[in-house]
Amino acid sequence: MNKDSTADDRAAVQKEPHWPAVAASLAVAGLYLALSPVLTAGPRWLFPGIVAVLVIAVSTTRHLRLQKANHLLGTAAGAILTLFLLGSIFLLVRELPTRSESPTALLRSAMALWASNILVFAQWYWRLDAGGPGHRDRRRGQGIRHQDGAFLFPQMSLSKDLREEMGESNWSPNFWDYLFLSFTTSTAFSPTDTLPLSRWAKILMMVQALISLLVITLLAARAVNIL
């Protein structure tokens with residue numbers, strides 16, 4: 001076995017799994033179905049249907065190794081998820097003072113939107129950081145360590161010897177790392193163990209934290225009214 005084939009085998013073994021991102025997209029579509037009808041626009045099947053079509057298209061282009069098409073479709077899917085999320089939150093804010101919906105329905109919807117916020121922004125971080133999963137795969141296959149992304153993960157601060165001892169010489173983040181980043185941003189409203197380095201990352205984290213704070217504030221307000 002020559003050197004090139006060994007490098008190709010290593011890259012194939014270490015490719016990031018994409019199924020968590022697919023599952024997250026489908027979960028957002030499922031959470032949308034759990035929203036109160038007053039917080040949705042158009043037929044209830046429209047948004048889940050669009051998500052399903054985009055997920056199939058993204059998976060197909062990835063299987064066919066159409067990198068540019070895959071990136072464009074993935075970005076389009078993220079944009080659709082974000083638009084529907086923001087639209088539903090706007091409707092939630094508008095609906096709260098009217099008291100036309102039961103407190104239970106509004107609380108359930110707010111919790112669904114809070115969870116959707118985590119999943120949507122996790123996908124943005126995963127897709128945009130260091131050129132996206134495809135670019136990170138190629139760098140990892142070439143034995144290049146992850147050190148020039150938009151986020152400073154704890155593993156990036158470890159010494160070379162410690163990384164080798166831990167078996168993480170070519171460590172690179174995957175969707176679960178970005179999901180944890182998104183979860184902590186929505187709960188702590190600030191960076192925890194992972195710091196944003198680029199301006200776009202800081203802006204996205206600000207937007208996510210603001211959405212989470214808004215939804216949680218609405219939840220608290222409704223809870224006080226119920227009591």
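Analyst: In this predicted model, the protein chain exposes about 12,100 Å² of surface, and carbon and sulfur atoms supply 67% of that area. Buried residues make up 41% of the 227 residues in the chain.

User: What is the order of helices and strands along the sequence?

Analyst: The chain contains 9 helices and 2 strands, and when they are read along the sequence they follow the pattern α-α-α-α-α-α-β-α-α-β-α.

User: What share of the contacts between residues at least 6 apart in sequence join residues at least 24 apart?

Analyst: Among those contacts in the protein chain, 73% join residues at least 24 apart, where a contact means heavy atoms within 4.5 Å.

User: Why is L106 called buried?

Analyst: The word buried is used for a relative accessible area under 20%, and L106 has a relative accessibility of 2%, so L106 counts as buried. This residue has its place in helix α5, which covers residues 103-128. L106 and L39 are 67 residues apart in sequence, and their C-alpha atoms are 9.2 Å apart in space.

User: What makes α2 roughly antiparallel to α3?

Analyst: Two packed helices are described by the angle between their axes and the distance between the axes. For helix α2 (residues 19-33) and helix α3 (residues 46-63), the axes come within 9 Å and cross at roughly 170°. An angle over 145 degrees counts as roughly antiparallel, and therefore α2 is described as roughly antiparallel to α3. On the side of α2, the contact is made by V22, S25, L26, V28, A29, Y32 and L33, while α3 contributes F47, P48, V51, V55 and S59.

User: Why is R65 called exposed, whereas K202 counts as partly exposed?

Analyst: Exposed means over 50% relative accessible area, and partly exposed lies between that cut-off and the 20% used for buried. R65 has a relative accessible area of 66%, so R65 is exposed. K202 has a relative accessibility of 41%, and therefore K202 counts as partly exposed.

User: Where are these two residues found, and what does K202 touch?

Analyst: R65 is found in the loop between α3 and α4, the latter covering residues 67-95, and R65 has a positive phi of about 60° although it is not a glycine. K202 lies in helix α9, residues 199-226. Leaving aside residues up to four places away in sequence, K202 touches P196 and L197. The C-alpha atoms of K202 and S190 are separated by 9.9 Å, with the two residues 12 places apart along the chain.

User: Which residues make the nonpolar surface patch, and how do you know that F189 is partly exposed?

Analyst: The patch, of about 230 Å², is made by F189, L213 and I216. The relative accessible area of F189 is 35%, so F189 is partly exposed, since this value falls between the cut-offs of 20% and 50%. Residues in such a patch need over 30% relative accessible area, and the 35% of F189 therefore passes that cut-off.

User: Where is F189 placed, and what is its phi?

Analyst: F189 is in the loop between α8 (175-188) and β2 (195-196). Phi of F189 is near 60°, which is a positive value in a residue other than glycine.

Note on methods: Residues numbered from 1 in each chain as written. Predicted model: local features only at pLDDT ≥ 70, side-chain atom pairs only at ≥ 80, totals over all residues. Heavy atoms only, no water. Patch = residues over 30% accessible without salt bridge, like charges linked within 9 Å, V, L, I, M, F, W, Y side chains within 5 Å. Areas by Shrake-Rupley, 256 points an atom, 1.4 Å probe, with all protein chains shown as cover. Salt bridge = Lys/Arg side-chain N within 4 Å of Asp/Glu carboxyl O. Helix = DSSP H or I, 4+ residues; strand = E, 2+ residues; numbered from the N terminus. Buried < 20%, exposed > 50% of the residue type's maximum accessible area, 1.4 Å probe, protein only. Axes fitted to C-alpha atoms, helices over the stretch in contact; angles between N-to-C directions. Parallel < 35°, antiparallel > 145°, perpendicular 65-115°, else oblique.
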